[in-house]
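User: Hello! I am new to this structure; could you walk me through some of the terms used for it?

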Amino acid sequence: MSSRRVVLVAGPPAAGKSSYIAAHRGPDDDVLDFDAICRELGSKERHNHPPPVMRQAARIRAEREQQIAEKTTGTSWVIRTVPHPFERHLVAEGIGATEVLVLATPAAVAKQRAAADNRPAWTAAAIDKWWKQYRPSPDPRERRITGDDQ
């Protein structure tokens, strides 16, 4: 019987959350990514989804997070931005996270990545907002990963 592992991966937009998971996940691991859900629903955009698609994706994400919380085996990765420690804690508890990784990619680096990736114009402001709201957490499951660790 395999063990259960649920990893919440948080960080600002363009922090490298998806790339980090791609480099560390196993072949049978599940990944819950809001942007991927939006694309499953027909969005042609990578990050700038129509509001009706985003509303439907939010409902689907909540359902899938509940499914992850109920899993007893396997590894699941959940991507969320969640800058505030209380919000991270609520998400971590809701999904039954065994680990919380915060990709603390500096704002300047994240903005460079966003520009190189042709992300929407609002991304730079979202990165700044994330850093204004970010606070570390005393949660023993949480580990902050800097650019050197990624």
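This is a predicted model: local features need pLDDT of at least 70, side-chain atom pairs count only at pLDDT 80 or more; totals for chains, interfaces and linings use all residues.

User: Why is H5 called roughly antiparallel to H6?

Analyst: The axes of helix H5 (residues 107–116) and helix H6 (residues 123–133) cross at roughly 160 degrees and come within 10 Å. Angles over 145 degrees count as roughly antiparallel, so H5 is roughly antiparallel to H6.

User: Which residues in H5 and H6 meet?

Analyst: Contact means heavy atoms within 4.5 Å. Ala-107, Ala-110, Lys-111 and Ala-114 in H5 meet Thr-123, Ala-124, Ile-127, Asp-128 and Trp-131 in H6. These residues comprise 6 nonpolar, 1 polar and 2 charged.

User: What makes a set of residues a nonpolar core?

Analyst: Its members are buried (under 20% relative accessible area, with a 1.4 Å probe and protein chains only). They are Ala, Val, Leu, Ile, Met, Phe, Trp, Tyr and Cys residues joined through side-chain atoms within 4.5 Å. Here the largest such core has 21 residues, and Leu-8, Ile-68 and Val-100 are among those with the most contacts inside it. Helix H3 (51–70) and strand E4 (99–103) are among the elements giving two or more residues to this core, and H3 provides its largest share, 4 residues. Apart from it lies another core, of 10 residues, including Tyr-20 and Trp-77.

Terms used. Residues are numbered from 1 along each chain as its sequence is written. Side-chain values use heavy atoms; hydrogens and water are left out. Axes are lines fitted to C-alpha atoms, for helices over the stretch in contact, and angles run from 0 to 180 degrees between N-to-C directions. Angles under 35 degrees count as roughly parallel, over 145 as roughly antiparallel, 65 to 115 as roughly perpendicular and the rest as oblique. Ala, Val, Leu, Ile, Met, Phe, Trp, Tyr, Cys and Pro count as nonpolar, Asp, Glu, Lys and Arg as charged, and the others, Gly among them, as polar. Buried means under 20% relative accessible area, exposed over 50%, partly exposed in between (1.4 Å probe, protein chains only).
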